[in-house]
Amino acid sequence: MAKYLGRQTIKFDLPPSIVSTASTVGPKEGKGPLSSYFDVVLHDPLWGEDSWEKAESKIVKKTIERVIQKGNLTPEDIDYIFAGDLLNQLTASTFGIRGLSIPFFGLFGACSTMAEAISLGAMAIDGGFANYIVAEASSHFCSSEKQFRFPLELGTQRPLTASWTVTGSGAVVLGKYGPSPYVSYVTSGKIVDLGVKDPMNMGAAMAPAAADTIIAHFEDTGFTPNDYDLIITGDLGSIGKELTLQLLRKNNYDIENIYTDCGIEIFDPVSQDTHAGGSGCGCCAVTLAGYLYKEMKNNKWNRILFVPTGALMSPGSTQQGESIPGIAHAVVIENNWS
Amino acid sequence: MSQIQDMKKEYSKMVEELSPKSNLLRDSARAFWVGGLICAIGQLITNIIKSFGYNHDEASMLTTIILVFLGIILTGLDIYDSLGKYAGAGTVVPITGFANSIVSPAIEYKKEGYVFGVGAKMFTIAGPVLVYGTIASVAVGIVHYFFK
């Protein structure tokens with residue numbers, strides 16, 4: 001059975017294998033720096049559907065089908081799906097998954113959902129409750145704008161601190177046995193809120209949660225930044241990344257040389273006009289399923305700390321003057337474990 | 001408790017320092033020339049209509065209708081949002097911006113049907129303008145009635 005290490009971290013006895021990954025992204029992501037790592041790049045953000053929500057559901061369904069197929073498995077082999085998205089009542093996930101006949105846990109962790117799904121899935125496997133699970137997360141620029149911000153055709157200006165919601169879905173199959181890389185440790189995040197109220201500056205709202213979880217991970221496990229080839233947070237973007245570095249420095253951790261952020265990697269902010277960077281559940285999901293997984297397979301990195309972050313607000317909470325609660329879950333992914 | 005307040009205060013200072021600011025001078029200049037151009041076009045339309053023998057009130061009303069129509073067309077053609085991104089308040093303040101704020105949610109929510117989609121959501125952005133604009137005009141009207 002898995003071991004508790006400190007308050008927030010567990011170590012798996014038999015680290016689940018990442019058997020396969022799949023990613024689907026929209027046209028803008030397909031023009032970004034990570035383009036070549038994605039399995040499917042859509043030319044039409046509606047993908048032939050008649051609404052943004054239906055399009056996102058189709059992206060979810062096709063990505064899950066693809067990841068199962070890439071793992072040489074059938075839907076019957078999958079014990080659970082752990083998945084989530086940003087829409088009310090997890091519209092994209094539930095309607096995408098409804099035809100698949102696989103037991104389903106719907107998760108909401110905002111943009112941290114991918115790490116939440118992997119954490120719970122890995123716990124289910126190491127606990128002996130599953131042999132294979134799918135962890136998936138998705139977001140869609142247009143459906144998110146519609147729900148959280150303004151209609152697409154409204155003539156507004158986005159502040160320089162705003163991020164750009166990624167259109168896409170990333171999925172992984174975790175298996176009890178299988179090839180590297182493996183999920184070896186999980187540090188589950190607490191909700192951290194330092195009073196940021198601006199929903200157009202989510203990186204600033206989430207940075208304290210990212211720093212809190214990274215510090216908890218080091219304290220619980222005894223690891224130091226030197227034990228990692230790469231530490232990559234979810235979608236803090238450029239401002240949140242700087243804030244995280246500063247908060248960690250205050251606690252005497254310097255990770256600058258090995259640290260980046262999914263929201264920074266996925267877009268080119270100058271040519272793609274994305275301001276602070278990418279965001280949305282899909283952002284770190286496709287970055288993991290495409291870029292991180294494939295480069296770990298190439299041994300560019302052998303041990304990474306993957307820390308997706310989520311801003312847990314709703315349009316209603318913002319209008320009522322509440323600040324934005326942040327959360328971050330950390331997952332250690334490594335090629336060799338002992 | 002005060003320790004948390006101090007942490008929040010300190011953090012908000014860090015955020016303030018690291019968050020990039022918009023270029024106020026550039027944005028104002030853009031808003032000025034695009035907004036001014038829209039108004040100049042409106043004046044041109046008014047003058048042309050007047051040259052056909054309409055009086056000032058009739059010409060103003062027709063100009064309003066034409067500008068709203070242009071705002072709607074440019075929104076439907078996916079042009080007004082790019083204009084708005086460039087010019088900010090320059091495209092929000094003129095009446096074309098008002099048209100844009102009604103038509104853009106109407107397009108966005110068409111999938112939810114004509115009653116609960118288009119009908120209900122059409123005024124989500126323009127609604128406050130209509131409500132408080134109407135209240136303000138009533139108040140001004142009352143003041144005008146007693147103190148003219």
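What is the mean pLDDT of chain B, and what share of its residues reach 70 or more? Here are a few notes on that and on the rest of this predicted model.

1. **Confidence.** Chain B has a mean pLDDT of 94, with 99% of its residues at 70 or more; pLDDT is the predictor's confidence in each residue, from 0 to 100. For the complex, the predictor gives an ipTM of 0.90 and a pTM of 0.94.

2. **Reading the model.** Residues are numbered from 1 along each chain as its sequence is written, and chains are lettered from A and ligands numbered from 1 in the order in which they are written. In this predicted model, local features need pLDDT of at least 70 and side-chain atom pairs count only at pLDDT 80 or more, while totals for chains, interfaces and linings use all residues.

3. **An enclosed strand.** Strands are DSSP runs (E) of at least two residues and helices (H or I) of at least four, numbered from the N terminus. Gly168(A), Gly170(A), Val172(A) and Leu174(A) point one way from S9(A), and Ser169(A), Ala171(A), Val173(A) and Gly175(A) the other.

4. **Its partners.** S9(A) pairs antiparallel with strand S3 (residues 17-25) of chain A over eight bridges (pairing needs at least two DSSP bridges), and Ser17(A) stands opposite Gly175(A). Eight bridges also join S9(A) to strand S7 (residues 132-139) of chain A, again antiparallel, with Ala137(A) opposite Gly170(A).

Definitions and conventions: A residue is buried if 20 or more other C-beta atoms lie within 10 Å of its own, exposed if 12 or fewer, and partly exposed in between; C-beta atoms are placed from the backbone.
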